[in-house]
Amino acid sequence: MRSALRLWRWKLLLRPRASTIDRVKARKAEQRRAGLEYAERPNVSVVVQSFNQVRNVATLEARLRRTCAEELIVCEDGSIDGSHEAWLCRLTRPNDFLLHSNDVHEIRAYNRAVDYARGEVVCLMQDDDQPPHDGSWLAEALDVFARHPRLAVLGGWCGFNEWFAEEYNAPWLPPGEGTIPTADPDTGRPLMFVENVNIGPYLIRRDAFRELGGFDPRFSPPGEPGITFEAEYCYRAWQHGYEVALTDIPVKLATGRQSYILPGGTSLWGLEARERNERANKQLIEDLYLEHFDAIQEAVRAANERLTARPGPVSAS
């Protein structure tokens, strides 16, 4: 009698576990049928910084899935609008990862995520980005890295020379102004070397990023905006013999011209706080790199000599 009772209790305890096992087996079989396998060395890692942009989650995820990316990492930084839940139900592939933090903001979240990434190139995106429907842009960006072995950063949005005085590909410029004036001589793809580029997409060579120490946390206290933190890393890359380039990846496209279609997370702090942070950080960049500026400008000029001119009128703002 006691043996029968023990057996009954044992079966009762196993029942929910057996159900879980069945579900796990079904899930594994589903992934095998879909051809989804873990990539030990993904071709590229895409990192998305997520902070209260739930209305863009579905669009951004769908468009990233059309690219060649084998790894997707989302830094969910303590959103309260449902972004965490929206990403969680979509990140179902073996190389999908959801990193949760509590409002530490971009610099620290990106630094952590790059440590976690396994791709040789890491593409940093923001939660208000809407990359092109055609996912070929990422493979084309990887080709740029292959052709330029000293390239540490490739921007796809807008870039700057002369301490931000010359702007290229910026969405706020009138049509025709600030167009990328040069191209890759082999592919004809718009490409120019610049002092710094804006995030995102902001593609980095992972080994160089680690060698140079990642983004500088002095450009933002935890939980506050860090305007131009990505620019400082570009100047640091040039200083150490690496290169920074700009191409054209329209991530915020509207009626034929790039524009903001979703307010970014830094808008939560208000215009005054953003402007104050930007002034302070640009001054910090100047303090750090003024003595290296002539050498950096010469390196930018020399790198651009390897490119070819694009036809048509081009002017910088």
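Biologist: Which residues form one aromatic cluster here?

Modeller: Tyr110, Tyr202, Phe209, Phe215, Phe229 and Tyr233 do. This is a predicted model, with residues numbered from 1 along each chain as its sequence is written. Local features need pLDDT of at least 70 and side-chain atom pairs count only at pLDDT 80 or more, while totals for chains, interfaces and linings use all residues, and side-chain values use heavy atoms, with hydrogens and water left out.

Biologist: What makes two rings a pair?

Modeller: Rings of Phe, Tyr and Trp (its six-membered ring) pair if their centres lie within 6.5 Å; planes under 30 degrees apart count as stacked, over 60 as edge-to-face, and the rest as tilted. That rule gives twelve aromatic pairs.

Biologist: Why is the pair of tryptophan 163 and phenylalanine 293 called stacked?

Modeller: Their ring centres are 4.3 Å apart and their planes stand at 15°, so the pair is stacked. The two residues come from distant parts of the chain, 130 residues apart: tryptophan 163 is in the loop between strand 6 (159–161) and strand 7 (166–168), and phenylalanine 293 is in helix 9 (residues 293–304). Helices (H or I, at least four residues) and strands (E, at least two) are DSSP runs, numbered from the N terminus.

Biologist: How do you know whether tryptophan 163 and phenylalanine 293 are buried, partly exposed or exposed?

Modeller: Buried means under 20% relative accessible area, exposed means over 50%, and partly exposed is in between (1.4 Å probe, protein chains only). Tryptophan 163 has 23%, so it is partly exposed, while phenylalanine 293 has 8%, so it is buried.

Biologist: And what makes the pair of tyrosine 202 and phenylalanine 215 tilted?

Modeller: The pair has 5.9 Å centre to centre and 55° between the planes, hence tilted. Tyrosine 202 sits in strand 11 (residues 202–205) and phenylalanine 215 in the loop between helix 6 (206–212) and helix 7 (229–239), 13 residues apart. Both tyrosine 202 and phenylalanine 215 are buried.

Biologist: Why say that arginine 150 lies over the face of tyrosine 242?

Modeller: A charge sits over a ring if NZ of Lys or CZ of Arg is within 6 Å of the ring centre and within 35 degrees of the ring normal. Arginine 150 is at 4.2 Å from the ring centre of tyrosine 242. Lysine 282 also lies over a face, that of phenylalanine 164, at 4.4 Å from the ring centre.

Biologist: On to the sheet: what makes strand 7 and strand 10 (196–197) edges?

Modeller: Three strands form an open, antiparallel sheet in the order 7-6-10. Strand 7 and strand 10 each have a single partner strand, so one side of each is left without a neighbour in the sheet.

Biologist: How do you know that strand 6 and strand 10 pair?

Modeller: Two strands pair if DSSP finds at least two bridges between them, and strand 6 and strand 10 have two, in the antiparallel sense. Phenylalanine 160 has asparagine 196, in strand 10, as its bridge partner.

Biologist: Last, what makes a space a cavity?

Modeller: On a 1 Å grid over the protein atoms alone, a cavity is a set of points where a 1.4 Å probe fits but cannot get out; lining residues have an atom within 4 Å of a point. The whole structure has one cavity of 30 Å³ or more. Its lining is Ser50, Gln53, Asn56, Val57, Leu60, Trp87 and Asp127, and helix 2 (residues 54–65) gives the largest share, three residues.

Methods: 1 Å grid on protein atoms, 1.4 Å probe; cavity = no way out; pocket = protein on both sides within 12 Å on 5 of 7 lines; lining within 4 Å. Points joined across faces, edges and corners; volume = space filled by probe spheres on them.
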